[in-house]
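This report describes selected features of a predicted model.

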Amino acid sequence: MPFRIYIAEDETNLNQVLSTYLHKEGWQVRSFLRGEEARKAIPERPHLWILDIMLPDVDGFQLIREIKADSPGMPVIFISARDADLDRVIGLEMGSDDYLAKPFLPRELVIRSRRLLERIYGAPQIETQPAVSTIVIPPYHIDETRRLLYRQDTIIELTSKEFDFVLFLAKHQGTAFAREQLLNHIWGEDYFGTDRVVDDLVRRIRRKLTDLRLETLYGYGYRLVQS
């Protein structure tokens, strides 16, 4: 979930510029031109407030009092064109986390905001899609990640053992495997029973995958012919 940033700045052009820069970071930005509008949004508890001290109705100092009363740990950055040293001290005493004196570069606000957000909430977790591993054994292809086997765009239903068997041989095309090797790999070394279950499995697979180039090595095992 992206960070939500609320900014209260009464200079329309500056408000738009700062909002645009913050939005480009992938953050959800809501801006206010008047302190009273920002005050009504305090219960929404964004991840960060950016407050101009010199708002025309409710100033930034009053807003931070109410923000901290509602959520004491809420991060706040002050921006102001007034006496920087005095405002910085007052802001820190009231619980602000940072201060930027106008004029400043919008990029500096972005950098300070990011550092503050990461310090308070931690670095954002990047959601990644698992890499899709596809193995082609014409006319079939195997989606290993989703455990699906296709012929063109049609999914062919396989049991778990059938899929494991085909996948194993597909990863070792051209290699001959004894029945015992296949039994250990597919059923596990703890399996107790005849290795003829391998033959039964192969018969079922051949009925479903009629074009699979699966060779029988009589008296030994099986091999998937290389495509």
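Contact is taken here to mean heavy atoms within 4.5 Å. In that sense, the cover over the buried residues of helix α8 includes α6 (160-171), α7 (179-187), β11 and β12. The buried residues of α8 are V197, V198, D199, L201, V202 and I205. Helix α8 itself runs over residues 196-208, and its 13 residues reach 19 Å from the first C-alpha to the last, close to the 18 Å expected at 1.5 Å a residue.

Two of the elements that cover α8, β11 and β12, pair with each other in the antiparallel sense over four bridges, and L217 stands opposite G221 in β12. The two strands form a hairpin with three residues between them, and in the turn G219 has a positive phi of about 80 degrees.

The domain assignment of the protein chain gives domain 1 (4-121) and domain 2 (134-224), whose centres, taken over C-alpha atoms, are separated by 62 Å.

Helix α3 covers residues 60-70, and G60, F61, L63, I64, I67 and K68 are buried in this helix. Seen down the axis of α3, these buried residues fall within an arc of 155 degrees, so they line one face of the helix. At the start of α3, a side-chain oxygen of D59 comes to within 3.1 Å of the backbone nitrogen of F61.

| Helix | Residues | Buried residues |
|---|---|---|
| α3 | 60-70 | G60, F61, L63, I64, I67, K68 |
| α8 | 196-208 | V197, V198, D199, L201, V202, I205 |

Methods: Residues numbered from 1 in each chain as written. Predicted model: local features only at pLDDT ≥ 70, side-chain atom pairs only at ≥ 80, totals over all residues. Heavy atoms only, no water. Pairing = 2+ DSSP bridges. Buried < 20%, exposed > 50% of the residue type's maximum accessible area, 1.4 Å probe, protein only. Arc of directions from axis to C-beta. Polar contact = N/O pair within 3.5 Å; in protein donor to acceptor, adjacent residues only side chain to side chain. Domains from an automatic or database assignment. Expected span 1.5 Å × (residues − 1).
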